[in-house]
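Me: Let's go through this one together, a bit at a time.

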Amino acid sequence: MAVRYRPARSETSGDWIELIALPENRVAMAVGSVVGYGPRARAWIGRLRRAVRSLSSTGLPPDELLGRLDHLVTRWSRGPDEWEGFFRGATCLYAIYDPVSRRCAVSRAGHRPPAVMSPDGRVDFPDLPAGPPLGLGGGSFTTAEWEVPEGSHLVLYGHGLLQRRGNGADAGFALLRSVLRRVATRHGVVGPEETCAAVFDALVPVRPGGDVALMVARTRGMRPDQVADWDVPAEPAAVADLRAAVTRQLAHWGLSDLEFTTELILSELVNNAIRYTTGPIHLRLLCDHTLTCEVFDSSPALPRLRQAATTDEHGRGLFLVARLAERWGTRHTQAGKVIWTEQPLPQTPRAGINERPVATTGHPSPGSRAGHYDPCPA
């Protein structure tokens, strides 16, 4: 990915942009614009960025995240008198890219849609449902999702990029489309940095009227040999066969050192799914910079970590999982929920595994070493 940012030479507020590594190898991208003036209006950018980062760690889909962000902005804008009059509105676009399915989910609140530059040279601006700007209260937002070809460029930008002196934002939007199409004619040899530079040179003046932010992210997908999944019969006897299949898969990846802990983790999670839920159960392993174990089921109820008393016969399973994994967490899906865990790979480099540090969203396990970086699979 590549980013360009140029601050305004005045007290006018403007654009902001965020790239956030999520669990399960996903990545979130957010861009927004704030209208207002003075230090307090510029402080809104910091508020919005912190709120987006905090909400993204909950695993919310884009439309629900924007709904909660809209509620926060509405409450903030009705705050103390010293904040009144400096904030005049905000927009935001929030996207999640999944490298396993190669699908991108996007929702927007009064913001322009992203550009998608495909490897074959096409430039598209997806027709996404437009929600109202943030802060109006009671806004309704919709998530649109589509498959993104591997190697595509996702171009996210703020309103400041489109502002042209003497012309409206539509003229800037037309110029952006023209520049991206020129870059796309040689898309096979340019990268995100070259795309960013071409757009900034063509659209951004030396002294912009507001902050200007631009991000270009090139997508990558996980290879099929990095993903293993199984449908799990809803009967306890199936767990033994599942453990054997996982052991063989770990040996194939050269991760036999993780067999013991992985078997314990999946046994607890799968047995809990069999015991407390109905419907299909699915297990998936992802092998990249960490080993990720995901258990999908059809129940929307999220488990909670509890401290079992000495005399309790149950309640220690999730605590055991939290002790064995470096991080764990849950999130809702359209069909129910997924519980995920992450384990660090052995220090010895493995063939076909791209080792990268782990981001710090989700639930760090007690005593674990949480990473301090934000790798980006986009």
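Me: Arg102 to start with: buried, partly exposed or exposed?

Reply: Partly exposed, with a relative accessible area of 22%. On this scale buried is under 20% relative accessible area, exposed is over 50%, and partly exposed is in between, using a 1.4 Å probe and protein chains only. Bear in mind that this is a predicted model, where local features need pLDDT of at least 70 and side-chain atom pairs count only at pLDDT 80 or more, while totals for chains, interfaces and linings use all residues. Residues are numbered from 1 along each chain as its sequence is written, and side-chain values use heavy atoms, leaving out hydrogens and water.

Me: Where does Arg102 sit, and what's its phi?

Reply: Arg102 is in the loop between S4 and S5, and its phi is positive, near 55 degrees, in a residue other than glycine. Most residues other than glycine have a negative phi. Helices (H or I, at least four residues) and strands (E, at least two) are DSSP runs, numbered from the N terminus.

Me: And Asn25, what's the story with phi there?

Reply: Asn25 is not a glycine, yet has a positive phi of about 65 degrees. Asn25 belongs to the loop between strand S2 (15-21) and strand S3 (27-36). Asn25 is buried, at a relative accessible area of 3%.

Me: How many bridges between S10 and S11?

Reply: Five, in the antiparallel sense, between S10 (residues 153-157) and S11 (residues 212-218). Leu154 stands opposite Ala217 in S11.

Me: OK, cores. Which residues have the most contacts inside the largest nonpolar one?

Reply: Trp253, Leu255, Val270, Leu283, Leu291 and Val295, in a core of 29 residues. Such a core is a set of buried Ala, Val, Leu, Ile, Met, Phe, Trp, Tyr and Cys residues joined through side-chain atoms within 4.5 Å. Elements giving two or more residues to this core include helix H5 (238-252), helix H6 (259-276) and strand S14 (290-297), and H6 provides the largest share, six residues.

Me: What does Leu291 touch?

Reply: Leaving aside residues up to four places away in sequence, its contacts include Leu250, Trp253, Leu255, Leu258 and Leu286. There's also a second, separate core of 26 residues, among them Trp44, Leu66, Leu69 and Ile96.

Me: Last topic: what lines the second largest cavity?

Reply: Leu93, Ala95, Cys104, Val106, Pro114, Val116, Trp146, Leu154 and Leu156. S4, S5 and S10 are the elements that give two or more residues to that lining. On a 1 Å grid over the protein atoms alone, a cavity is a set of points where a 1.4 Å probe fits but cannot get out, and lining residues have an atom within 4 Å of a point.

Note on methods:
Pairing = 2+ DSSP bridges. Contact = heavy atoms within 4.5 Å. 1 Å grid on protein atoms, 1.4 Å probe; cavity = no way out; pocket = protein on both sides within 12 Å on 5 of 7 lines; lining within 4 Å.
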